[in-house]
Amino acid sequence: MAPPRARALLLPLAAATVLVASTIFLFAAAGASRWRPADTGLPVPATPADFSAVPIGVSVTSAAKGKELSFLDENGRPDDPSSGSAAAAEPGRCDPRDAAVRVFVYDMPPEFHFGLLGWAPPPGNGGGVWPDVRGGTVPRYPGGLNQQHSVEYWLTLDLLASSSAAPCGPAVRVADSRDADVIFVPFFASLSYNRHSKAVPPEKVSRDMSLQEKLVRYLVAQPEWKRSGGADHVVVAHHPNSLLHARSALFPAVFVLSDFGRYHPRVASLEKDLIAPYRHMAKTFVNDTAGFDDRPTLLYFRGAIYRKEGGNIRQELYNMLKDENDVFFSFGSVQDHGVSKASQGMHSSKFCLNIAGDTPSSNRLFDAIVSHCVPVIISDDIELPYEDILDYSKFSIFVRSSDAIKKGYLMRLIKGINKHRWTRMWKRLKEVDKHFEYQFPSHKDDAVQMIWQALARKVPSIRLKAHRFRRSSRSERGSK
């Protein structure tokens, strides 16, 4: 017989062995899959046959039928839109369950969107508020500089066509807001600002301001807004001055912006919102074979030189660089064929300056990208589209403003980049330029689809905020 001290050591060991064996048995009985909360959207294992311990509010089906465990909301519907509550698509149509993000679109009056383009519902369309983008004529967006902030137009068109397109793109429109990951607000804020920001006598309030006031009243009255506090709503306000009067009231929503230069940090931030590219004005350099030796201009800039606010650096750089060899630094505008001249200049240049103007961003960066002219970015506060998955340092040069204005610094830096390194960046530009193209219908990984994919990556945090809002709002209702 073992001595007393040995028996004392063996007893805990035996108990631990029994515990491990019991645990293994229980996992084997439950199946090979691991348990995960249903609202992650990941598969949940089959449940044992004894459901007596399942709490109220949980829907459980037979393991033998291979169905999933899912939590129900107060309406008796699966709480997670990805759990399969959305109706399956008809044959040949897009199935919402295949999309990266499911989007509910408010059927707002045309005055908020295509009505700003002069479109009106045709007689006898049953009160519909949308143009027939699949079989009819798509309303055209105005030309010129208006187009650089036309993001809301392209996203809305994509959503209107998404319910019939097969296969699905990254985003698909759903008919029931409870099946959606996000709620899209179809207000053409940038166009409203560009066209209607000034009051027309005898009116004392501009049409743009009036629309913003109507927008706020409309949204806060919707059950979808009340359900999430606006956390799952998406509002596009790409022009830096758009939505100027409503942004503080709508700040819980996800904003799609060009930068944060004119936003208070409490209203907009990189954590909450999205940065979208400008629609480029320069012509895309198709079938570009103009390599290092085929681009005679070393450094190119054409645009407004005298700017207010943070754009003073343009004037300083102009004075430093205007007499340098192989450098083109000139004033330019959309008048006098300015866009065409800029395209030609960028297509024949190795490097293109992107300097902060009135705001940290400008359309010039995206003109350079599609021209395959390596961007030299001098803007300390710039934020870039889809930078969580796109490494801009592989095709751009970043220079701090304080360094750029040092005598000789910028030219030494540019001239120090050899042909091999430049060619590597040039080739990368030709690979990524498709991510900055707005078009309808959208194409794989173009600007429209990249924005939707960026939004899909924010859905978990959006859902968290919406759930936390419901927690506090229900507590407040319960205390009354």
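Visitor: Cys352 and Cys373, buried or exposed?
Guide: In this predicted model, both Cys352 and Cys373 are buried.

Visitor: What joins Cys352 to Cys373?
Guide: A disulfide, with an S to S distance of 2.1 Å. The structure holds one disulfide.

Visitor: Where do Cys352 and Cys373 sit in the chain?
Guide: Cys352 is in strand E11, and Cys373 is in the loop between H8 and strand E12 (374–378). They are 21 residues apart, so the pair is described as linking distant parts of the chain.

Visitor: Right-handed or left-handed, that link between Cys352 and Cys373?
Guide: Right-handed, with 105° about the S-S bond.

Visitor: Moving on. Where is Ser361 found?
Guide: Ser361 lies in the loop between strand E11 (349–355) and helix H8 (364–371).

Visitor: Why call Ser361 buried?
Guide: Because its relative accessible area is 8%, and the cut-off for buried is under 20%.

Visitor: Which residues does Ser361 touch?
Guide: Leaving out residues up to four places away in sequence, Ser361 touches Ser258, Asp259, Tyr278 and Ile382. With Tyr278 there is also a side-chain polar contact of 2.8 Å.

Visitor: Now the open sheet. What is the order of its six strands?
Guide: The order is E4-E3-E5-E6-E7-E8, with parallel pairing. Strand E4 (171–173) and strand E8 (274–275) are the edge strands, each pairing on one side only.

Visitor: How many bridges join E5 to E6?
Guide: Three, between residues 182–185 of E5 and residues 233–236 of E6.

Visitor: And what stands opposite Ile183?
Guide: His233, in E6.

Key: Residues are numbered from 1 along each chain as its sequence is written. This is a predicted model: local features need pLDDT of at least 70, side-chain atom pairs count only at pLDDT 80 or more; totals for chains, interfaces and linings use all residues. Side-chain values use heavy atoms; hydrogens and water are left out. Helices (H or I, at least four residues) and strands (E, at least two) are DSSP runs, numbered from the N terminus. Buried means under 20% relative accessible area, exposed over 50%, partly exposed in between (1.4 Å probe, protein chains only). A polar contact is a pair of N or O atoms within 3.5 Å; within protein, one must be able to donate a hydrogen and the other to accept it, and residues adjacent in sequence count only if both atoms are side-chain atoms. Contact means heavy atoms within 4.5 Å. Two strands pair if DSSP finds at least two bridges between them. A disulfide is a pair of cysteine sulfur atoms within 2.5 Å.
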